[in-house]
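Have the chain open in your viewer and follow along.

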Amino acid sequence: MSSAFAALAQKKRIKLALLSGFFILLLIFGEHLSRNSLLPLLAPRVDGTSNSFSVGAFSLLQRIDEKLCSALDCFNPPVSDFAAWKITSATLMPENVREGLKNPANESILKVEIQNRLAIPILFPNLEISLTDTEDSELKSIQFSPREWLPASWQESHPNFSKIGAPAGEIIQAELPIILPAKSAGYRVRVFYPQ
């Protein structure tokens with residue numbers, strides 16, 4: 001009688017082990033099939049604002065994903081996520097301080113520092129500069145595509161940037177020449193993806 005119970009208990013353990021293995025495989029392949037939407041959703045920030053547990057868990061997930069991708073073919077399109085970008089600084093200054101008011105074109109340089117804060121590559125956004133008057137009314141809006149605002153030296157060293165996107169944590173400093181309207185008193189800088 002006891003051998004019958006032992007055999008039944010062993011069958012249940014084998015069945016449980018097989019079911020557990022099946023669910024683990026299902027989870028792994030489910031992650032692999034939905035990886036292009038799941039990885040960006042789970043990616044922690046690399047600027048120090050994410051907790052260490054989520055960074056470690058995501059690192060483990062990436063290692064599993066890389067092993068799956070080496071066994072199966074993966075398509076790794078970069079993601080467009082404007083929340084991934086942080087404008088760390090933006091400064092507008094006259095192009096030639098000595099010329100000052102002598103320069104009728106009112107040429108200026110906008111220095112922008114922007115960072116991809118996620119732990120995955122992100123497509124480069126467009127930049128928009130809104131020039132405002134003293135009452136904060138918009139006088140002029142200028143848009144720059146990534147090819148226009150990314151420094152030429154950076155583009156040369158990253159020839160496939162439009163397909164690969166910005167590496168995780170990448171900080172880019174750009175200098176953009178701008179002609180200011182006569183009554184401009186302020187500016188705003190934002191990132192966006194064209195529709």
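At 12% relative accessibility, Asn-126 counts as buried (buried means under 20% relative accessible area, exposed over 50%, and partly exposed in between, with a 1.4 Å probe and protein chains only). Asn-126 sits in strand β3; helices (H or I, at least four residues) and strands (E, at least two) are DSSP runs numbered from the N terminus. Leaving out neighbours within four places in sequence, Asn-126 is in contact with Phe-144, Ser-145, Pro-146, Trp-149, Arg-190, Val-191, Phe-192 and Pro-194, where contact means heavy atoms within 4.5 Å.

A word on where this comes from: the model is predicted, so local features need pLDDT of at least 70 and side-chain atom pairs count only at pLDDT 80 or more, while totals for chains, interfaces and linings use all residues. Residues are numbered from 1 along each chain as its sequence is written, and side-chain values use heavy atoms, with hydrogens and water left out.

What about the rest of β3? This strand is mostly covered, with 7 of its 7 residues buried. Asn-126, Glu-128, Ser-130 and Thr-132 point one way, Leu-127, Ile-129 and Leu-131 point the other way, and all are buried.

β3 has β6 as an antiparallel partner, joined to it by 7 bridges (two strands pair if DSSP finds at least two bridges between them). Within that pairing, Ser-130 has Arg-188 in β6 as its bridge partner. β3 and β4 form a hairpin with 5 residues between them, and in the turn Asp-136 has a positive phi of about 65°.

## The nonpolar core

The largest nonpolar core has 31 residues, and those with the most contacts inside it are Phe-124, Leu-127, Phe-144, Trp-149 and Ile-178. Such a core is a set of buried Ala, Val, Leu, Ile, Met, Phe, Trp, Tyr and Cys residues joined through side-chain atoms within 4.5 Å. The elements giving two or more residues to this core are α3 (52-71), β2 (107-116), β3 (126-132), β4 (138-144) and β5 (171-179). β5 gives the most, with 4 residues. As a rule, nonpolar side chains in soluble globular proteins tend to be buried together.

Residues up to four places away in sequence aside, Phe-144 touches Asn-126, Leu-127, Ile-129, Trp-149, Leu-176, Pro-177 and Ile-178.

## Strand β5, two-faced

β5 has a covered face made of Ile-172, Ala-174, Leu-176 and Ile-178, plus an uncovered one with Ile-171, Gln-173, Glu-175, Pro-177 and Ile-179. β5 pairs with β2 in the antiparallel sense over 9 bridges.

## Salt bridges

How many salt bridges does a search of the whole structure find? It turns up 3, counting a side-chain nitrogen of Lys or Arg within 4 Å of a carboxyl oxygen of Asp or Glu. Glu-175 and Lys-111 form one, with their closest N and O atoms 3.8 Å apart. Glu-175 lies in strand β5 and Lys-111 in strand β2, so this pair ties together parts that are 64 residues apart in sequence. Glu-175 counts as exposed at 53% relative accessibility, whereas Lys-111 is partly exposed at 35%.

Arg-190 and Glu-128 also meet through their side chains, at 2.5 Å from N to O. This pair links distant parts of the chain, with Arg-190 in strand β6 (residues 186-192) and Glu-128 in strand β3, 62 residues apart. Arg-190 is partly exposed at 42%, but Glu-128 is buried at 10%. Then there's Asp-136 with Arg-188, 2.9 Å from N to O. Asp-136 is in the loop between β3 and β4 and Arg-188 is in strand β6, so the two tie together parts 52 residues apart in sequence. Both ends are partly exposed: Asp-136 at 48% and Arg-188 at 38%.

## A patch on the outside

Leu-19, Phe-22 and Phe-23 make a nonpolar surface patch of about 310 Å². Patches are made of residues with over 30% relative accessible area and no salt bridge; like charges are joined within 9 Å, and nonpolar side chains (Val, Leu, Ile, Met, Phe, Trp, Tyr) within 5 Å. The areas come from the Shrake-Rupley method with a 1.4 Å probe, and for residues only the protein chains shown count as cover. Phe-22 belongs to helix α1 (residues 2-33) and is partly exposed, with a relative accessible area of 47%.
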